[in-house]
Amino acid sequence: MSAHSYKNGGSASRGGAIKFENYSNSNSKYSPSSSLKSKVQQPMPAASSLRRGSTGSGRDYSTISGRVRVAVRLRPRNSEEMVADADFADCVELQPELKRLKLQKNNWDSDTYEFDEVLTEYASQKRVYEVVAKPVVESVLDGYNGTVMAYGQTGTGKTYTLGRLGEEDAAARGIMLRAMEDILAEVSPENDLVSVSYFQLYMETIQDLLNPSNDNITIVEDPKTGDVSLPGATLVEVRDHKSFMQLLQLGEAHRFAANTKLNTESSRSHAILMVHVKRSVKGKDSSLSNENGNMTPVSKTLKPPIIRRSKLVIVDLAGSERIDKSGSEGHTLEEAKSINLSLSALGKCINALAENSAHVPVRDSKLTRLLRDSFGGTARTSLVITIGPSPRHRGETSSTIMFGQRAMKVENMVKLKEEFDYKSLSRRLEIQLDKLAAEYERQQRAFDDKIERISLEGQKRVAEVEQNYADALEKCQKDFMESKKRLEEQSSVKKENHGQRKVNVGVSDNGTDQKSNSQPPMLPNSSEVAELKKKLNSEILLRKAAETEVDSLNKQLIQWKNAEAARNSEIVKLRKMLEDEECEKAKLEEEIEMLQSQLLQISFEADQSRRNLDKRLSGQAPSSLDSLIPQPKHQQQREPADGDKASVVKLFEQVGLHKILSLLQSDDADVRIHAVKVVANLAAEESNQQKIVQAGGLTSLLELLRNSNDETIHRVAAGAIANLAMNETNQELIMSQGGISLLSLTATKSEDPQTLRMVAGAIANLCGNDKLQIKLRAEGGIRALLGMVRCRHPDVLAQVARGMANFAKCESRASTTGIKTGRSVLIEDGALPWIVKNANNEASPIRRHIELALCHLGQHEVNARDMINGGALWELVRISRDCSREDIRVLAQRTLQSTSGFQAELKRLRIDYG
Ligand code: ADP
Ligand code: MG
């Protein structure tokens, strides 16, 4: 191999084109994070920290520069290529850890290109989504426009990457579905709106895939803002994942039907999904009257709520191959040109943008008009270029790669699109005003009613008293009249008597009349007077009583009025208290929001530290070995690790280890998953390990491996066990609790590379314990380790190799301490062919461990014969000469010198290895 030339990617960074470095940071690899707001992948700084300039039109733009990000994805060989290209190597070689791709020029020469992400044939759909689309989706949720686009030759996996529905296997879902899942999970159903349109562009005509009769949609451009829209396209509101799935299925069916009608294939048309997201921005400024109709101080409500409108465009482009190449399509040359018009116009625009040329021919095609915001515009754009491995399509692959390289040079100015929602503010204020008015009226009515009731009562009492008084007076008068009448009668009778007596005096002197004669005439007798006086007195008393009653009623009336006033002031006071309560509530809500964001932060940090654990696991080799991660990156990761420590300690204090461990048995699967993640994070800290084991955590983790069927749980639990398995006491505990057979069982059942990596890492740790060698083998640990090489993921292989190196080292230690040992168990169990085959593996962690394993095996005389027969001697010789690590080179030389079997064989072959 000679003459490797490095292209573009390097020059892009040298030229300072990469201005927005923290967008899709390289450390986000294998990010298992399920929380949307991951720190590493966060595409934008928090909106508040952006430069913000109000345009005065109610719109508010924040601007930031962002280069178009480009990932390359390699499709695995398909069955046809397996047969047809069996004798040829792939035309590309990926170096994902360096983000480089080598394209074979000929047998001895290749070109190297750098991309933002290099996705191998093993990359899962989830990972592809996370590195290609997730940062864009997060941006869209934050109010920026976003584009995700796939470009590549037909059959290389564009539709697989973007549009797969994964009906049979959810893990196969493509970017469209995953993006919508993330969007729906984040938006609020009450305040936000998500709607989609879906159409295809074929021969410069736009057809609605949600309504086939709508087969010539026009593009409308806003002359002021330059925004493009398709008012004619069907727009469907999406509320849940199921209905979106149905929409995509419908679109797919219509696309098939439309293309049959047009006598073409889907590879000739561009399919475009547009997701419109409208969100109201929550914040203390926009908190208004609450649902119960209680009042919030009006001053608070005067700031209008902000809405953000953004658009996610997902484009499955037509095949990039030159259509005139295959004449069998039945298209005339004119048709061919037209079919490719949009795609070649896109190429021209990207060239112009990449070269910073003054004129960008955006108006040349409908595709470029539709995507004007995506390239050189205000959107955050991520492009995935898809390629196949076949050397027969080298030319197409090369031109796809060049397209990607040019796209990497395109700079966008990403803008936040938000506006004040005056309409909804005024609507809300009106509603609030109505509520206030109604409340005022209600209170006024209640008050009037009460006053009326009191005054009626008062009037009734006064009337009663008056009536009583009148009755008494009447009775008095009547009595008085009667007495008077009686007196008059009496006086007239007396007068009569008096006249008669005068006559009688003249005739005879009658002694009987002498008595009456002594009293004065006309005067009532004294008893009657006394009675009258009494009556008068009692009348006077009655009257006085009535008067005091009236007085007291009046007083009472005044008292009631006072009480009424007091009550009113009470109401005012209560209302004030209510307002205070509301203030308090708003504050609490704010606090909850803050706590939630802290929780997010903690769970992010938890994920982060699990990633660190992953990395530590890959670097867990004996101290003399290289870590998987190059040194400078390692340095960068120290800092967040300290942050983790703090947050983990916080969790510890707040929740308590026992509580966390008890959650491992929760009935709720989500809770279990969270709990096991937390435990795994705790277990990553050496200082926690003893506490976890003492509290029964190890037992619970093993229990999870035994009883759970969930892949995530298996992966995380195995990771935690791998960490705990770093010290000897724990290793023995794992063994005694049946951990080996559980790990082995997990190794056989799982196909997930990450799970296998964790399991292999755990077993590799156990392999390093001298005391456990026999048991490890007896319980199937070695066989499980060897079995995992079926997964060809380099990280898994590195752990397997580490396990073998550890195991071989223990064996050789045992033999040197004089313990009588037989042939190596590794050789007995058939590991040697794999070891020999991978002794020169290009992944350095695998190679290093295997080199060590070979040296350790070779140090034991009884293994020499098998090693010579299996070709391992040649590898040892090679290591002793070529290994770039001096310590390993010296170890191999010593091994060759000290083992007489090797000496004899080398002498026989007259090989000088010194
Ligand atoms: P395109 O849309 O670029 O024409 P497709 O997405 O239709 O290509 O893929 C072509 C074929 O290759 C399909 O059968 C698809 O299932 C398969 N394929 C594509 N990418 C992958 C991949 N990464 N892994 C496995 N199969 C793939
Ligand atoms: Mg396709």
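A residue is called buried when its relative accessible area is under 20%, and exposed when it is over 50%. Keep in mind that this is a predicted model.

**Exercise 1.** Work out which residues of helix α15 are buried.

*Solution.* Start by finding the helix: α15 covers residues 669–683, 15 residues in total. From its first C-alpha to its last it reaches 21 Å, close to the 21 Å expected at 1.5 Å a residue. Now apply the cut-off: the buried residues are I673, A675, V676, K677, V678, V679, A680, N681, L682 and A683. While you're there, check the start of α15, where a side-chain oxygen of D668 comes to within 2.9 Å of the backbone nitrogen of D670.

**Exercise 2.** Decide whether R178 is buried or exposed.

*Solution.* First place it: R178 sits in helix α5, residues 175–186. Its relative accessibility is 7%, so R178 counts as buried. Next, look at what R178 touches beyond four places away in sequence: Q125, K126, Y129, A170, A171, A172 and R173. Q125 is 53 residues away from R178 along the chain, yet their C-alpha atoms are 9.5 Å apart.

**Exercise 3.** Find which helix gives the most residues to the shell around ligand 1.

*Solution.* List the shell: R73, R75, P76, Q153, T154, G155, T156, G157, K158, T159 and Y160. Helix α4, residues 158–163, gives the most, with 3 residues. Then sort by class: 2 nonpolar, 6 polar and 3 charged. Finally, zoom in on T159, where a polar side-chain atom lies 2.7 Å from an oxygen atom of ligand 1. Taken alone, ligand 1 exposes 560 Å², and the protein buries 65% of that.

Conventions. Residues numbered from 1 in each chain as written. Chains lettered and ligands numbered in written order. Predicted model: local features only at pLDDT ≥ 70, side-chain atom pairs only at ≥ 80, totals over all residues. Heavy atoms only, no water. Helix = DSSP H or I, 4+ residues; strand = E, 2+ residues; numbered from the N terminus. Buried < 20%, exposed > 50% of the residue type's maximum accessible area, 1.4 Å probe, protein only. Contact = heavy atoms within 4.5 Å. Expected span 1.5 Å × (residues − 1). Polar contact = N/O pair within 3.5 Å; in protein donor to acceptor, adjacent residues only side chain to side chain. Near = heavy atom within 4 Å. Areas by Shrake-Rupley, 256 points an atom, 1.4 Å probe, with all protein chains shown as cover. Nonpolar A, V, L, I, M, F, W, Y, C, P; charged D, E, K, R; others polar.
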